[in-house]
Structure formats: C-alpha cells, structure tokens
Amino acid sequence: MLNAVGLQGAGVKSFVEHDLPRLKKANAKVVASIWGHSVDDYLQAAKMLFDVRDQIAAIEINLSCPNLGGNHVMFSHDAKLSAQIVELCSASNLPLWAKLSPNTSELVEIARAVNSAGAQAVTLVNTAIGMAIDTNSGLPILGNVRGGLSGSALHPIAVRCIYDVRAALPNIKIIGAGGVTSAETAVELMLAGADAVQVGTATFADPKAPIKILRDLKKWAKKRGIEDWSQVTSAAHRGGFKP
Ligand SMILES: Cc1cc2nc3c(=O)[nH]c(=O)nc-3n(C[C@H](O)[C@H](O)[C@H](O)COP(=O)(O)O)c2cc1C
C-alpha cells in the first residue's frame, strides 16, 4: 500500500473522552500513539495521558510519520531531537515506545539515543517513503506527492532494520512492523529480533488478519515444539532457529 492519509486522529482529549472508555469496555490493552508538529506538542500529549495512565499500557511516540507535508521535519531522522522528545514524554509516567523510520542510515544510532533517553522499546518500522506517477496524466498520484509504502513490499526492509538494531542493542525491546501478513512473516521479524509484532496493512485486506495470524503462530510453534517465544526472538543472531 502507498498511503498519504496523514495523521487524522481527533486528538488526545477526544481519545480520552470517547475512544478510551469504549476500548476499556472491550477489555482491550491500550497503547496510545502520539505525535506532534513540535517538541512541545509531544509534551502536551504526554501530560494529557498522565491523567489516564492507569488505563494505558504504554505510549508509542510516533517520531516517523512521512505524510505531514510542508516543511515538516521527520523527528526520527535526528537522534538529538528524538531523544529530547522521549525525555519529555516521561512526564506521562508510562512505558514509552519510540516508533522509528526506515528512511535513514542513522537508524541504529537513533535507536540507541531514544533508548538512553528512556524508551524501553522501539517500534520498527514506520513506512518507507515512496511515490507513484499516473502514466495518463504524467502527474504524481498522491495529493501529497510522496507517500508511505507498507505491506509486503516493506517487509524485507523491516527485517533488515530490526536485525541491525538487535545486533547493536541486545537488550532493547523491539516491536516489529512491516508486511506481517502470515505466521511466517511474523516469525521472520521475531527471528530478526522482534519481541512482539504489529499487523497494519494486512487488516485492510482482512480486518481479522491479526486473529488469524495469531492462531497460525500457535500452530507454527506447536508443530516445532516451541514452548516460549524467547526461543524464536533474535534466533537469527544465535546461529539460527533450532527446532
Ligand atoms: C493507511 C495507513 C495509516 C497509517 N497511519 C499511521 C499512524 O497514524 N501512525 C503510525 O505510527 N503509523 C502509521 N502507519 C504505519 C503502520 O503503523 C506501520 O508502521 C507500517 O504500515 C508497516 O506495517 P504494515 O506493513 O503491517 O502496515 C500507517 C500505515 C498505513 C498503511
């Protein structure tokens, strides 16, 4: 998928008033994703979530949205700015995950910086920046010209990013994302170093994809006699997967 939907959430106040109660009613474990145009925006969002911290498991700090347009700086291409934002978000008193971009050669350094600044986990990866041009009009297809590439095309990039960060930072928690469409693609991210995985684009084709993938993961593990996912996580760094 190539998207330019941007960040259209109704804001933290609306999330706390309307979405959070419904999520809690459904017994969901909630990770709140926040973003901002400025460093101060992130601080304000983190402070607002402080008041409902007992209902939230963690905050995912989105430092890497490619679709904000204009002169927007991608925070996650700057280690110092990213670390500063993570430090400020500790005002929430919640576990922090920093969501990083694959569109930088400094990914490992940025992961190190946000980890030192207080992020227990990094979410790897946000979308890769892509573009499509209409061959009839000769013009870019997306209103924003560039967009975020996700799904299967992103998967090998996600595997590489997770592998590189895990090799450099053995103790950081990694949430893997990028083209998880099946148990095998989820396992691949885990073998590279992910402690957990997210499913995004696959839910557009099938909203029940995460449930099916989880079911297939259990089958996958049972078939191989795997009792604990720690046997799988980072196995590519320990001489391979040994069933
Ligand atoms: C339509 C669409 C909207 C997205 N919006 C967000 C967002 O608001 N915040 C964010 O951190 N990532 C956003 N992402 C990125 C995904 O969360 C994910 O990191 C990325 O798409 C890779 O995973 P996937 O291949 O499973 O989709 C979006 C992706 C898509 C396709």
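Select Met 131 first. Met 131 stands opposite Arg 146 in strand E7. E6 and E7 pair in the antiparallel sense, over 4 bridges. Two strands count as paired if DSSP finds at least two bridges between them. The strands themselves are DSSP runs (E, at least two residues), and helices are runs of H or I with at least four residues; both are numbered from the N terminus.

Before moving on, a word on the model. It is predicted: local features need pLDDT of at least 70, side-chain atom pairs count only at pLDDT 80 or more, and totals for chains, interfaces and linings use all residues. Residues are numbered from 1 along each chain as its sequence is written, and side-chain values use heavy atoms, with hydrogens and water left out.

**Stop 1**

Zoom to Asn 3. Gly 148 in E7 stands opposite Asn 3.

**Stop 2: the parallel sheet**

Now show six strands in this order: E2-E3-E4-E5-E8-E9. They form an open sheet with parallel pairing. Which strands are at the edges? E2 and strand E9 (196–197) are the edge strands, and each pairs on one side only. Strands of a sheet pair through backbone hydrogen bonds, either parallel or antiparallel.

E2 (residues 31–34) and E3 run parallel and are joined by 4 bridges. Select Ser 33. The bridge partner of Ser 33 in E3 is Glu 60.

Strand E8 (residues 173–176) pairs with E9 in the parallel sense, over 2 bridges. Select Ile 175. In E9, Ala 196 is the bridge partner of Ile 175.

**Stop 3: along E3**

Go back to E3, residues 58–62. How many of the residues of E3 are buried? The count is 5 of 5, and the strand is mostly covered. Buried means under 20% relative accessible area, exposed means over 50%, and partly exposed lies in between (1.4 Å probe, protein chains only). Show the side chains. Ala 58, Glu 60 and Asn 62 point one way. Ile 59 and Ile 61 point the other way. In a regular strand the side chains alternate between the two faces of the sheet.

**Stop 4: the ligand**

Select the ligand and its surroundings. There are 18 residues around the ligand. Lys 99, Val 125, Gly 151, Gly 179 and Thr 201 come nearest. A residue is near a molecule if one of its heavy atoms lies within 4 Å of it. By class, the shell has 7 nonpolar, 10 polar and 1 charged residues. Here Ala, Val, Leu, Ile, Met, Phe, Trp, Tyr, Cys and Pro count as nonpolar; Asp, Glu, Lys and Arg count as charged; the others, Gly among them, count as polar.

Color by domain next. Domain 1 (1–120) and domain 2 (150–234) both give residues to the shell, so the ligand lies between them. The bounds come from an automatic or database domain assignment.

Now look at the oxygen atoms of the ligand. An oxygen atom is 2.8 Å from a polar backbone atom of Gly 151. For Gly 200, an oxygen atom of the ligand is 2.9 Å from a polar backbone atom. A polar backbone atom of Val 125 is also 2.9 Å from a ligand oxygen. Taken alone, the ligand exposes 600 Å², and the protein buries 82% of that. These areas come from the Shrake-Rupley method with a 1.4 Å probe.

**Stop 5: a cis peptide bond**

Stay on Val 125. Where is Val 125? It is in the loop between strand E5 (121–124) and strand E6 (128–131). Trace the backbone one step back. A cis peptide bond joins Leu 124 and Val 125, with omega about 15°.

**Stop 6: two positive phi values**

Select Asn 27, in the loop between helix H1 (12–25) and E2. Phi of Asn 27 is near 65°, a positive value in a residue other than glycine. Is Asn 27 buried or exposed? At 72% relative accessibility, Asn 27 counts as exposed.

Jump to Ser 234, in the segment after H8. Ser 234 is not a glycine, yet its phi is positive, about 70°. At 9% relative accessibility, Ser 234 counts as buried.

**Stop 7**

Select Asp 164 in helix H5 (residues 155–168). Asp 164 counts as partly exposed because its relative accessibility is 32%. Finish on Lys 222 in helix H8 (residues 209–223). At 72% relative accessibility, Lys 222 counts as exposed.

Note on methods
A polar contact is a pair of N or O atoms within 3.5 Å; within protein, one must be able to donate a hydrogen and the other to accept it, and residues adjacent in sequence count only if both atoms are side-chain atoms.
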